[in-house]
Amino acid sequence: MAKRKTILFVCGTGVATSTVVNATVTEEMKKRGLTFDALQAKATEVPSLVDGVDFIVSTTPISASVTKPVIKGLAFLTGIGKDAVLDDIAARLTATT
Amino acid sequence: MAIGLMDVLEPQAVLLGVQAATSEQVIRMLAERLHALGYVRSTFADAVMERERTLPTGLPLELEENVAVPHTDPEHVIKAGVALATLSTPVAFASIDDPEETLSVGTVFLLAIDDKDRQIDVLQQVIATIQNPAMRDRLKRATTTDDIKMLFGPLGES
């Protein structure tokens with residue numbers, strides 16, 4: 001059993017598109033029987049929050065200085081390529097390391 | 001209590017078949033309506049434009065005409081509201097995914113969000129509409145606010 005992971009959802013304001021992405025990912029992972037802790041923030045807050053999270057799902061570009069994995073959340077806004085991104089997130093949530 | 005899109009989509013801030021030359025014109029036109037109707041502070045339009053310059057909101061739908069969802073921080077918002085413009089000819093917005101990339105945009109949802117937990121359904125409805133080809137098409141063809149009500153109201157689910 002993998003350790004419960006924390007996902008940081010990021011967008012420009014931390015209130016609009018990251019809310020949609022957070023809700024969609026939570027719902028889709030629930031269907032797959034996967035749970036996680038969610039944090040939500042604006043892009044400028046990422047450096048102060050990143051230490052406590054396993055990976056980031058962001059709708060805006062993230063500073064290259066951030067060393068945690070960043071998954072693009074754009075697919076959850078456009079609907080294009082959503083399943084592949086969900087598979088990627090599911091794989092990261094179930095990874096044992 | 002959660003609220004839906006029709007609860008916050010302001011009929012007087014729905015502009016259909018608008019003519020505009022730039023994204024800024026569209027944003028300012030819609031922001032002015034929201035401001036006059038008491039939804040946002042006088043700082044809202046400038047804040048949205050500033051944010052658009054650094055973190056743009058054009059959504060690349062891989063279509064000839066894409067959709068943009070300009071918005072800004074809650075501090076510029078008095079109460080939640082959504083303004084909508086469909087454009088007679090598209091304007092250029094930069095892409096949310098890559099600010100260097102320009103998208104041709106034919107529909108603009110200007111979002112005034114003050115509490116993400118209360119407005120989650122609104123945001124999801126906007127995004128669901130954008131993702132649905134039939135809804136996008138009906139939105140572009142709407143000529144009256146009644147068409148819009150039909151689209152987003154209880155009868156617009158199908």
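Two residues are in contact here if their C-beta atoms, placed from the backbone, lie within 7 Å. Hi everyone, this is a predicted model, so local features need pLDDT of at least 70, side-chain atom pairs count only at pLDDT 80 or more, and totals for chains, interfaces and linings use all residues. Residues are numbered from 1 along each chain as its sequence is written, while chains are lettered from A and ligands numbered from 1 in the order in which they are written.

Let's start with chain B. Among its contacts between residues at least 6 apart in sequence, 72% join residues at least 24 apart. Chain B has 6 helices and 5 strands, where helices (H or I, at least four residues) and strands (E, at least two) are DSSP runs, numbered from the N terminus. From that terminus on, the order reads α-β-α-α-β-β-β-β-α-α-α.

What about its overall dimensions? The C-alpha atoms of chain B fill a box of roughly 40 × 35 × 25 Å along the principal axes. Buried residues (20 or more other C-beta atoms within 10 Å of their own, with C-beta atoms placed from the backbone; exposed means 12 or fewer, partly exposed in between) make up 44% of the 158 residues in chain B.

One residue to look at is B:Glu62, in the loop between strand E2 (58–59) and strand E3 (66–68). B:Glu62 is not a glycine, yet has a positive phi of about 60 degrees. Is B:Glu62 buried or exposed? Exposed, with 8 other C-beta atoms within 10 Å.

Finally, the partner: 15 residues of chain A are in contact with 20 residues of chain B. On the chain A side, H1 gives the largest share, 3 residues. Thanks, everyone!
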